[in-house]
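This report describes the fold of one chain and its contact with a partner. The sequence and structure come first.

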Amino acid sequence: MFDADRFIEAAVEQLRQRIGGNAIIGVSGGVDSTVAAVLVGKAVGKNLRCVLVDTGYMRKNEVENNQAFLDSLGLNVLVVDAKGRFYEQLRGVVDPEKKRAIIGELFIRIFEEVARKEGASFFVQGTIAPDWIESGGGLRDRIKSHHNVGGLPEKIDFEIVEPLRDLYKDEVRLVGERLGLPQEIYGRQPFPGPGLAVRILSEADPESVRIVREACAIVEEEIERAVVRGEMRRPWQYFAVLLPCKTVGVHGDVRIYGSVISVRAVESLDGMSAAYSKIPHSALEAISVRITNTLKDEVSRVVFDITNKPPGTIEYE
Amino acid sequence: MSDSSRVYVVDNGGQWTHRIWRVLREIGCETKIIPNTTLVKEIDAEGLVLSGGAPRIAWESPKLGNCTDYLNDFHGPILGICVGLQLMALHCGGKAGPSGVPEFGLARLRVLEEDDLFKGLPKEFLVWESHNDEVKEAPGFLVLAVSDNCGVQAVKHLRKPFYGVQFHPEVNNTEHGEKILRNFVDVIRKRQY
């Protein structure tokens, strides 16, 4: 069995030896980067600066909540508002791999700028095993370029450190638990690095972000309510995706023509294989009614995704 | 009984190569992932697992590196998974090629022969699949399990310590997957006596 305590001890020792000088870490507030930040913080203390990039593709209230939480852990956090830069560079981009490449590169450029200002020569990432496995290389086919692996440009100004590289999500959670993080952090559902941009299956413009952000919040809230009511177990991951098509509907005897939201929820251990969640119809209906009512001008239909992985991946792009 | 057999994972570029490594580690094996170009004489393991991978068996088998050398010259038990099984069957005089009905994700496995791999397991259970190709003929092998759309889901060689599965025991969604790998490791442990 995986021994989290032994892992922490060995990792802190290695990090202490490897990182001589200032380091920065890209944090999203997710499980992986938060665990990596706490681990590196243990090793090098105040020499670590956490950089939280607001890409414009974060979930509802996420930037504020994450900043407050990371601050409360005693970490040294810098928030970079890069919404405008991300929206600008992704204008007109529809191809999923191109999206991921642009996002990955922009992330790195921003981290380079911060590193230069901070005089940091080490850059820490919360990369975990599925990130580099799915990004491909050599014999392995590229399934999708994770922003922290496949999206990296060839020329980079600093040394990259990835303390969680061989771990899977469930192991990272054990490490988080042993590091004393609260359950709502180490138990958090995964969220992709490129954020909501890969849950918009066309151009990821601000208007589409607004729609999918609201839909994601509704899916999360309604599922969590159903869990509290005892109707279901919390899935491994659950979210909404804005599909690139429109369908006809009717509102008060008037024809509408709006977008389609797909609801995705899966059961998994490590994200490498998954089964779709058997969500009760009461919860699905609550999601559908709320999305089509609150987003009535934008969304005319809600569908539920019943695909396992394989053949489908968990996220759509 | 020695509790840490050395069982290495031969990487054929699969999405789940690392999963095999992980489950073997959890079972208590001494394990590592080795490239499929590793020379037989450099392998100090007691057993091997040939991972799956993207190469298509009919026209991309050169991408499977030295896997056929392992089948010829490696001294211990070998478990072939997915394309690893297909190569095993082909190498022993069988046939493999595109599946009539490829399987992805969920499938129901029906065990015909318990043998070593399915020791202590139910006759039917759910497994995870991901294959475009399959074994068509496997002379010299006993077929241990089938699914609705695939007639060769698990085999054992009649004389050599070769085992193969078309489905993926290493992924978490496969029922009893860890137990199947444990059964394979037990075969290795018994031979070490």
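Which residue in E4(A) does A:Asn22 stand opposite? A:Asn22 faces A:Ala120. This is a predicted model, in which local features need pLDDT of at least 70, side-chain atom pairs count only at pLDDT 80 or more, and totals for chains, interfaces and linings use all residues. Residues are numbered from 1 along each chain as its sequence is written, while chains are lettered from A and ligands numbered from 1 in the order in which they are written.

Strand E1 (residues 22-27) and strand E4 (residues 120-124) of chain A run parallel, joined by four bridges. Both belong to an open sheet of five strands in chain A, ordered E3-E2-E1-E4-E5 with parallel pairing. Strands pair if DSSP finds at least two bridges between them; helices (H or I, at least four residues) and strands (E, at least two) are DSSP runs, numbered from the N terminus. Strand E3 (77-81) and strand E5 (159-161) of chain A are the edges, each pairing on one side only.

Contact means C-beta atoms, placed from the backbone, within 7 Å; angles run from 0 to 180 degrees between N-to-C directions of axes, lines fitted to C-alpha atoms, for helices over the stretch in contact.

| Helix | Strands | Angle |
|---|---|---|
| H2(A), residues 31-44 | E1, E2 and E4 of chain A | about 165° with E1(A) |
| H3(A), residues 62-72 | E1, E2 and E3 of chain A | about 170° to E2(A) |

Chain A has 10 helices and nine strands. The C-alpha trace of chain A spans about 70 × 45 × 45 Å along its principal axes. The contact between the chains takes 18 residues from chain A and 19 residues from chain B.

Key: Two residues are in contact if their C-beta atoms, placed from the backbone, lie within 7 Å.
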